[in-house]
Amino acid sequence: MKLIPRDKMLDFDEIVEQFFSTGQEAGEARSGFHTPRVDINERKDHYEICAEMPGVRKEDLSVTLENGVLTVEAEMRRQVPENEEHRVLRQERRYGKFTRSFNLGKDVDEEDIDATFKDGVLTLTVPKAEPKKPASHKIQIH
C-alpha cells in the first residue's frame, strides 16, 4: 500500500468551497483578502446584519446607503514595524480592502438604520417599514 503525504491529498472541503463559491469570492481569495462572513437575521420589526471583521479598526470602516443598496467597506492595514530590517517568516493574516453590498428592498425604513461595531463584529439594524395600505379612493362616474 502506498501512503500519500497529507499535503498531496485532495482537500475535499476546499474543492466543495471552490465549487460553490462565486467568481468574486474566488478572486478575493487569490488577491489575499476575503469577504467577511455575514449573518442576516429577520426579527419581528427589523433585519439584523452581522459581519465578522477581526483586525479592522472602526476608523477604517465605512457604511453607506445609496439607491436602496447598503454598502460596507473596510480596509485592514498591515502593521509595519518602525525598524524595516526584519524578515517575515510566515504571514497568514490578510491585509487589504473589501466592499460588500446588500440590496435592501422596499420594505425597510432607510432613515433609521443603526450600526454598531464591537469586538470585531459590525452589526447593522435595519428597521422594517410600516406596511403601506393600498390607496383606495372613489372613482366618480360621468
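This is a predicted model: local features need pLDDT of at least 70, side-chain atom pairs count only at pLDDT 80 or more; totals for chains, interfaces and linings use all residues.
**Notes on the sheet and the salt bridges**

1. Residues are numbered from 1 along each chain as its sequence is written, and side-chain values use heavy atoms, with hydrogens and water left out.

2. β6 and β7 (residues 121-127) run antiparallel and are joined by five bridges. Strands here are DSSP runs (E, at least two residues), numbered from the N terminus, and two of them pair if DSSP finds at least two bridges between them.

3. Now the whole sheet: it is open, with four strands in the order β1-β2-β7-β6 and antiparallel pairing. β1 (38-42) and β6 (114-118) each have a single partner strand, so one side of each has no neighbour in the sheet.

4. On to charges: the whole structure has four salt bridges (a side-chain nitrogen of Lys or Arg within 4 Å of a carboxyl oxygen of Asp or Glu). One of them links Arg43 and Glu48 at 3.2 Å, N to O. Arg43 is partly exposed at 39% relative accessible area, while Glu48 is buried at 18% (buried is under 20%, exposed over 50%, partly exposed in between, with a 1.4 Å probe and protein chains only).

5. Arg57 meets Glu59 at 3.6 Å, N to O, and Asp60 at 3.1 Å, N to O. Shared partners join Arg57, Glu59 and Asp60 into one network. Glu59 is exposed at 60%, Arg57 partly exposed at 42% and Asp60 buried at 13%.
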